[in-house]
Amino acid sequence: DIAMDVAKITLISSDLMLLPKTFTLSRKTVAGIRQNLFWAFIYNLIGIPITAGILCPFTGFMLNPMIAGAAMAFSSVSVVLNSLRLKGVRI
């Protein structure tokens, strides 16, 4: 039990041929995490200042906070959907 807690990877079966599949799944998972972080960062970098009114002095455009809240909810949904893509990955 201690070895399983300390290990970075724990194989349930004794088949060592599953190791390449494990590493492939790990790479795809890390890629999905990076994509999610990138898009969340871009959304917050662009969406929050526009909602705060940074464009208002120049263009008079100010985003309704209700629309910004809906966009934030859509951002969360897109992160979840991007993560769920891993279920369909063929390894």
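This is a predicted model: local features need pLDDT of at least 70, side-chain atom pairs count only at pLDDT 80 or more; totals for chains, interfaces and linings use all residues.
I started with the surface and found a nonpolar patch of about 360 Å², made by V77, V80, L81 and L84.

L84 lies in helix α4, which covers residues 65–84. I wanted to know how open L84 is: its relative accessible area is 45%, so I put it down as partly exposed.

Is N82 buried or exposed? N82 comes out buried, because its relative accessible area is 16% and the cut-off for buried is under 20%. I checked what N82 touches, skipping neighbours within four places in sequence, and got G32, Q35 and N36. I also found a polar contact of 2.6 Å between the side chains of N82 and R85.

Those contacts sent me to helix α2, residues 19–52. I count 34 residues in α2, with 49 Å from the first C-alpha to the last. That is close to the 50 Å expected at 1.5 Å a residue.

Which residues of α2 are buried? My list reads G32, N36 and G47, and G32 and N36 are already down as contacts of N82. The buried residues of α2 pack against α4.

Last entry: I looked at what follows α2 and found G53, with a positive phi near 100°.

Terms used. Residues are numbered from 1 along each chain as its sequence is written. Side-chain values use heavy atoms; hydrogens and water are left out. Patches are made of residues with over 30% relative accessible area and no salt bridge: like charges are joined within 9 Å, nonpolar side chains (Val, Leu, Ile, Met, Phe, Trp, Tyr) within 5 Å. Accessible areas come from the Shrake-Rupley method with a 1.4 Å probe; for residues, only the protein chains shown count as cover. A salt bridge is a side-chain nitrogen of Lys or Arg within 4 Å of a carboxyl oxygen of Asp or Glu. Helices (H or I, at least four residues) and strands (E, at least two) are DSSP runs, numbered from the N terminus. Buried means under 20% relative accessible area, exposed over 50%, partly exposed in between (1.4 Å probe, protein chains only). The expected span of a helix is 1.5 Å times one less than its number of residues. Contact means heavy atoms within 4.5 Å. A polar contact is a pair of N or O atoms within 3.5 Å; within protein, one must be able to donate a hydrogen and the other to accept it, and residues adjacent in sequence count only if both atoms are side-chain atoms.
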